[in-house]
Amino acid sequence: MPEYFCHRCRQKTEHVSIREAARRIGRNRKTLSIWVKNEWVAYQELPSGRVMLCSRCLLIPRGPGAESGGGREGGLTGEAGGD
Ligand SMILES: [Zn+2]
């Protein structure tokens, strides 16, 4: 799998397709698509339009629908608008 720079991990990490990501964490692709849409996981969108998810961030998703192990951080309501 290719490596890209992940802005959340702040390093190059292995990135996987949505299908592979779903397989790895035992979720379905629809769930992963929602995570991407809401930016609960870090991802890269390739020039081809293909979305590749950071394999590290996959394990620590953010968001009300994600298993984040408790502590919910603010900022999920409202549009953050980039950095
Ligand atoms: Zn990451």
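A: **The sheet and its helices**

Four strands form an open sheet, ordered β1-β2-β4-β3, with antiparallel pairing. Strands (E, at least two residues) and helices (H or I, at least four) are DSSP runs numbered from the N terminus, and two strands pair if DSSP finds at least two bridges between them. From one strand to the next, the twist averages 45 degrees. Axes here are lines fitted to C-alpha atoms, for helices over the stretch in contact, and angles run from 0 to 180 degrees between N-to-C directions.

The model is predicted: local features need pLDDT of at least 70, side-chain atom pairs count only at pLDDT 80 or more, and totals for chains, interfaces and linings use all residues. Residues are numbered from 1 along each chain as its sequence is written.

β1 and β2 run antiparallel and are joined by four bridges; Y4 has T13 in β2 as its bridge partner. The two strands form a hairpin with four residues between them, and R10 in the turn has a positive phi of about 60 degrees. On to the next pairing: β2 (residues 11–17) and β4 (residues 51–54) are antiparallel and joined by three bridges. Here S17 has M52 of β4 as its bridge partner, while V16 stands opposite L53 in β4.

Helix α1 (residues 18–25) lies across β2 and β4, running at about 95 degrees to β2. The axes of α1 and helix α2 (residues 29–37) come within 9 Å and cross at roughly 115 degrees. That makes α1 roughly perpendicular to α2, a term for angles of 65 to 115 degrees, whereas under 35 counts as roughly parallel, over 145 as roughly antiparallel and the rest as oblique. The contact is made by I18, R19, A21 and A22 of α1 and R29, L32 and S33 of α2, where contact requires C-beta atoms, placed from the backbone, to lie within 7 Å. These contact residues divide into four nonpolar, one polar and two charged; Ala, Val, Leu, Ile, Met, Phe, Trp, Tyr, Cys and Pro count as nonpolar, Asp, Glu, Lys and Arg as charged, and the others, Gly among them, as polar.

Along the sequence, the chain follows the pattern β-β-α-α-β-β. Among its contacts between residues at least 6 apart in sequence, 45% join residues at least 24 apart.

Conventions. Contact = placed C-beta atoms within 7 Å.
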